[in-house]
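Welcome! Here are a few exercises to work through with the structure open beside you. Try each task before reading its solution.

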Amino acid sequence: MNNNHLSQKELLYRFTLVIFIVLISISILIFRLWTIQVRDVEIYREKAENNRIWPQRIKADRGKILTRDGTILADNRPSADVIFVPGDCPAVYYKNTAETLENLLNIPSFWILEQIENFNTEPFTQITIKRDISRSDWIRLEENSFQLPGIYITVQPQRRYPLGNTAGLIIGYLNEITKEELGLYDGKYYTGDFIGRTGIERYYENILKGTDGYMTVTKYASGRPQLRTDRYGNLLLVRKDTRGHLLTEETELRQRPLPGRNLTLTLDIELQKLCENLLTNQQGAIVVLDADTGAVFAIASNPNYDPNIFVTKGKDAERLELLQNKQPNRMINRAISEQYPPGSVFKVLLAATALEKGVITSKTTFFCPGSFKIGGTGREWKCWQKYGHGMVTVREALAYSCDVFFYNVGLKLGVDNISEYCHKIGLGEKTGIDLPGEVPGLIPNREWKAKINAHKPVWEQKWYPGDTVNLSIGQGSCATTPLQNAVLMATIINGGHRIFPHLNADFIPPKPEEQIFSKNTLETVITGMRLCVEPIGEARAGTGKLAKVEGITVIGKTGSAQIMSLEHHKKYKTEEEIPWEMRDHAWFVAGVIDRQPKIALCVLIEHGHHGSSAAAPIAQQIINFFYNRESKKDIQLIAKEPIGEFDN
Amino acid sequence: MSSIEQYIIHPPKIQFEIEDSSIHIIDWRRLNRVDPILFLLMFILAILGWVNMYSASQNEGYSYFIKHITIFFIGLPFLFFLTTIDYRIIIASAPFLYALSLSLLTTVLLFGVQAKGSERWIPIGPLRFQPSEINKIIIVLTLSWYFGKIGDKIKRLPWYILTFFISGIPIILIFMQPNLGTAMSIAPITMIMLWIAGCRLWHWIATTLAGLILVGFIFFQVNSLTPEKIQAGEHPDFLPLKPHQLMRIYTFFNPEADVQGGGWQTYQSRITIGSGGIHGKGFRQGTQTRLKYLPEHHTDFIFSLFAEEHGFYKSALLIILYGLFLLRCLQLALYANELKGKLMITGITIIFLFHIFINIAITMGMLPVTGLPLPFLSYGRSFYLTCMAGIGLIFSVPREKSYLFSGQVL
């Protein structure tokens, strides 16, 4: 034993170091274990829970949109999706199943097999094979179900608009949410969700959407939840993991989805249909309001579109065409999102304001020679009646739409008074209707002119009496929407109160605060507007005589908004020769004062030439229909009901 | 002529190594050298390993569990067989084993089978043999033989340096496989055995410091890279590591930076251990493992599974059990009757210590992932047999009479 060169003492000392190393190592490990498992346990527990438990969202049904009589404007139809759960199909049948599916649904079998291969570690994953299959495909799948183990059909809600084009612009449409919006509505939406884009769907998105529910599911490391549904779309809890172990105790429904609230609209759907039919083949808009409450009975705009093409498969071509923004734009609601010069319709406001301010009385007369000059010199403004109206009071001026009378009135009144009353009624401002995309219109005033011409010389910024003259007959820079004109009309016939137009039937209109026009004022104005439609005594009927309805007191006012100067029109011999896009816009505002509910309506026909010929007959038909229709509504409803509920 | 050259020219004859010619090479009576305490500790660890493997393999239909038990009962006769052999013969044959292992390592480099991107296996029929595992034991044997031969000449610098050539060649060969963990494990084995062999203190301290500085330098170099650069195959000039190995070192420094990639294992392992808490989630109730969040949960990260299911107290107890196991080994080494026996036991103990410490440290996110198994708990048949062999060799060393269970019969 020559190799025991170390003494026992030195050996002990050297071994002590090794023992020390062992003890140090063990201590380090235990200390680290303590820090992880005891000190920081809560942090790691939470991380493990986040790993494992994952809330699976259950989408809430979107609320329906109805009218007050129960007609469904938008609801959800079931869309059948074909899913495949590889775990329910023995591996030897994969190929057979894929080939059968190829025959039945025309899906390439290699793609299906590829999908199965991708999910081979989580056999209980639902693989979506095809979305929104047709009814005949569904039946064929059911017939062949014995050949298709693991194939299920789940049902997902899909938006549907049963009436198609009717009220399509009001309802709006849904579309898949974009990435940017996902960030905007942080956490409320998920990829693949639909969100309202226009119309009611957009404005009442929060009400219609509902609250999503969620169930907790156990998540595998790959992040795919193991979820299953039965063939009716109800969620089944996970029964097994990939090796067949029970996982039930970990998965429970935490919160049921809260479906979106149904929304009832004030629309009168038959009136709406009629209005849209009346506008066929011409561009324009019709607004019908309840003059007292502001409830909207109809908003028609032509051309329009069928919102179904945004939510139904296989309508890509139509969708593309719509979104290409071709003229005329079918997606614009002309009643609220376009503004036009109001033309003679504006005279109603001017007459009422002048009477209210005391600038004129009902007896005040002006002489109309057919043209007008400020101070007898300078530029000449024409009356539409070449030879003039002679001596007119405000009544005749309204009935026969005398321009010269209102030039005088406008000058006497001044721009400040006009804009004050426009503001009171809501002209040139958003009316606050519950639809997105409303434009305010424009009523020019001194500040506006100074602002718009700020970069120009001082004399351009100044407001001149000529501007007032232009404004007096609703020309110049003045622009309103059909809805605003309807609101103006409603204010005249409801006793002088500002109204707030709305579509939601649950909306409670605010109490009228102030009477804008006194009773006497309104009486005078109404007489004038009545004379416009029907003869009173010896006075012959005015420009709106085509709007007369037997047995109903209709008041109205025509308007022809020039978009080209009169000089330009003189180039053409007859009116028919004027190119379509240069013709005047035809307006007609009307109201009914002796029936309940009082309706106020506004008809706009783009390039319709004359309100008296193009717009007034339409108003006549609307009023006639509204008050004289036969009560066949109920019969129609009964016939309609099954189609709405069980079709498809 | 130095004595090492003499040995190379005239290989030692085995008969001369055994002083008493009447001793049988294999004698069943040596079985009473089996230390009951160490055997009991080993058996407890093995049973814990089975129980744990039962839980770990529930996703795989218990196939690993059955194989894990089987290998223990295959290894047990092997252990007793090694105990009955006179250990001096094994140590005397170490140079041949060393040459054999070098040729095996060369073979595996040239003809090895790819497994997880590294060449480590030699397929022999249906079995796959991992030469780098048995190599650790052979290094220990060779060093024991070498230190036993040169005796106190180890205090002289040339003999001291020669040690590093003996252990350096296999390190380089294993490193080229590349098997980072095994290659690194040889360094502490060499250092501790040099220490026990009686080298000079300043030699030892200088070498250790130099090694630590080298390791620190490597870490600094690796840390200066970015994951993208590493994936593109970039590496420090002196460190020809494969991208996945560099990533392992890199993610050690930046574990949170790359949660889904290389740091995923460590991150999930820490969550697994931490979520166990003081009392654990209960046997076979570990959610992290069952839902496949913890990768390699039956091999390298088996401790995480144990800690998750059994909690802090039992996990600490397991670590203490390993500590007692190691201390008992060292105790046997201390009472071995000659230096080469002491050296062999110490070397084997350090193999165990290295595996236990590095493995558990990795699961707790203290070290980069290198792929070292945990003795008796991890699934891995080559390594399990190596452990059993190591314990067999520990038992085969006779102890002095002064010590209870000395095992001195012949």
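**Exercise 1: a covered strand**

Task: work out why strand β13 (residues 284-290) of chain A is largely enclosed by the rest of the structure.

Solution. Seven of the seven residues of β13(A) are buried, so the strand is largely enclosed by the rest of the structure. Here, buried means that 20 or more other C-beta atoms lie within 10 Å of the residue's own, with exposed at 12 or fewer and partly exposed in between, and C-beta atoms are placed from the backbone. Strands (E, at least two residues) and helices (H or I, at least four) are DSSP runs, numbered from the N terminus.

A word on the source: this is a predicted model, in which local features need pLDDT of at least 70 and side-chain atom pairs count only at pLDDT 80 or more, while totals for chains, interfaces and linings use all residues. Residues are numbered from 1 along each chain as its sequence is written, and chains are lettered from A and ligands numbered from 1 in the order in which they are written.

Next, look at the directions. In a regular strand the side chains alternate between the two faces of the sheet. A:Gly284, A:Ile286, A:Val288 and A:Asp290 point one way from β13(A), while A:Ala285, A:Val287 and A:Leu289 point the other way, and all are buried.

**Exercise 2: the neighbours of the strand**

Task: find which strands β13(A) is joined to by bridges.

Solution. Start with strand β14 (residues 296-302) of chain A: six bridges join it to β13(A), and the two run antiparallel. Two strands pair if DSSP finds at least two bridges between them. β13(A) and β14(A) form a hairpin with five residues between them, and A:Gly294 in the turn has a positive phi of about 90°.

Then turn to strand β21 (residues 599-605) of chain A, which is antiparallel to β13(A) and joined to it by seven bridges. Now pick out A:Ala285: its bridge partner in β14(A) is A:Ser301, and in β21(A) it stands opposite A:Leu604.

**Exercise 3: a covered helix**

Task: how many residues of helix α15 (residues 403-413) of chain A are buried?

Solution. Nine of the eleven are buried, which leaves α15(A) mostly covered. Among them are A:Phe405, A:Phe406 and A:Tyr407. Just after the helix, A:Gly414 takes a positive phi of about 85°.

**Exercise 4: chain B**

Task: what does the secondary structure of chain B come to?

Solution. Counting gives 17 helices and three strands. As for burial, 47% of the 410 residues of chain B count as buried.
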